[in-house]
Amino acid sequence: MTLDPEYAPVSAALKKGLEKINKWHQVVETTNMYFICLALDPCVKLEYCRNQWDSGKFSKGERAFQNVFDIYAGCYQVHKPAGTKSSMVPAPMPQGTKGYGMSFLQKAIQAKQSASQPILNPHQELVDYLAAPLEDITTTDIVHWWGYRQVQYPILSRMARDYLAIQGSSVASERAFSSGGLTTTLLRNKLKPEHVEALQMVKNGYKNGWINATKDAKQHEPYSWAAHKAV
């Protein structure tokens, strides 16, 4: 397209755009973060990368996903008490003693608890998750989905809370700084921080439709304009 005479007037802009795209493609290849985040999306899992990435990159991402899962599984033991669903319990940690003989008592209790709560195979959780059907991408709220299934997938849900909270780009933060720059102009450089915060919240409310100026104005009118005009 950059060599097409039809696009000659904007060829420089097209080249810059392609350079930017290539830059971010290279960033994707230097980290496994994007693969893991896609895998933790119940609407996507491994299917997109399996179909769109070459086999070498897909295998690398799959291994990274497995390695991160193993790290999380090593930090927590999944127990299944009799008659209940699986839940995640922190691995035993050293505890301080509160008195004579308390250390011995704590060890005895922990041993009994461990014996009565057989440890599940954590890798079965990963197998079950990947084998489950994909969710509807048009209607599924990922945050709610993981919230409802944190008992079913205790280790993966912790991974989701950590990884899916990472912003995919800096666009949102840059937009926030730009909006703040429009609020704190040279003519308004004496605003206090709390006032700037309040103004930004109000602007965001209007922008997202949470605040309606017309509706709010009518609610605070001291009297009906229609009745006033009739008089």
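This is a predicted model: local features need pLDDT of at least 70, side-chain atom pairs count only at pLDDT 80 or more; totals for chains, interfaces and linings use all residues.
## A buried glutamate and its surroundings

Residues are numbered from 1 along each chain as its sequence is written, and side-chain values use heavy atoms, leaving out hydrogens and water.

**Around Glu125**

- You will find Glu125 in helix α6, residues 122-131; helices (H or I, at least four residues) and strands (E, at least two) are DSSP runs numbered from the N terminus.
- The Glu125 side chain reaches the backbone nitrogen of Ile155 at 3.0 Å. That falls under the heading of a polar contact: a pair of N or O atoms within 3.5 Å, where within protein one must be able to donate a hydrogen and the other to accept it, and residues adjacent in sequence count only if both atoms are side-chain atoms.
- Setting aside neighbours within four places in sequence, Glu125 is in contact (heavy atoms within 4.5 Å) with Phe69, Gln152, Tyr153, Pro154, Ile155 and Leu156.

**The one salt bridge**

- Side chains of opposite charge can pair when their charged atoms come close.
- The structure holds one salt bridge, and in it the side chains of Glu47 and Arg50 meet at 2.7 Å, N to O.
- Both Glu47 and Arg50 lie in helix α3 (residues 47-52), three residues apart, which is about one turn of the helix.
- Glu47 counts as partly exposed because its relative accessibility is 33%, and Arg50 is also partly exposed, at 39%.

**The chain as a whole**

- The protein chain has twelve helices and two strands.
- Of its 231 residues, 18% count as buried.
- Among contacts with a separation of 6 or more, 60% join residues 24 or more positions apart.
- The chain exposes about 17200 Å², and carbon and sulfur atoms supply 59% of that area. Accessible areas come from the Shrake-Rupley method with a 1.4 Å probe, and for residues only the protein chains shown count as cover.

**Helix α4**

- Helix α4 (residues 55-75) has 21 residues and reaches 31 Å from its first C-alpha to its last. This is close to the 30 Å expected at 1.5 Å a residue, where the expected span is 1.5 Å times one less than the number of residues.
- Asp54 caps the N-terminal end of α4, with a side-chain oxygen 3.1 Å from the backbone nitrogen of Gly56.
- The buried residues of α4 are Phe58, Gly61, Ala64, Phe65, Val68, Phe69, Tyr72 and Ala73. Of these, Phe69 is one of the residues in contact with Glu125.
- Gly74 also has its place in α4, but Gly74 is exposed, because its relative accessible area is 61%.
- Gly74 and Pro122 are 48 residues apart in sequence and 9.1 Å apart in space, C-alpha to C-alpha.

**Other residues to look up**

- Lys45 sits in the loop between α2 (33-39) and α3. Its phi is near 55 degrees, a positive value in a residue other than glycine. With a relative accessible area of 3%, Lys45 is buried.
- Thr183 lies in helix α9, residues 171-183, and counts as buried at 3% relative accessibility. Beyond its neighbours within four places in sequence, Thr183 is in contact with Arg188, Leu191, Leu199, Gln200 and Lys203.
- Asp162 belongs to helix α8, residues 154-163, and is partly exposed, with a relative accessible area of 42%. The C-alpha atoms of Asp162 and Cys37 are separated by 9.7 Å, although these residues are 125 apart along the chain.
- Leu3 is found in the segment before α1 (11-30) and is exposed, with a relative accessible area of 79%. Leu3 and Lys15, twelve residues apart along the chain, have C-alpha atoms separated by 10.0 Å.

Technical notes. Buried means under 20% relative accessible area, exposed over 50%, partly exposed in between (1.4 Å probe, protein chains only). A salt bridge is a side-chain nitrogen of Lys or Arg within 4 Å of a carboxyl oxygen of Asp or Glu.
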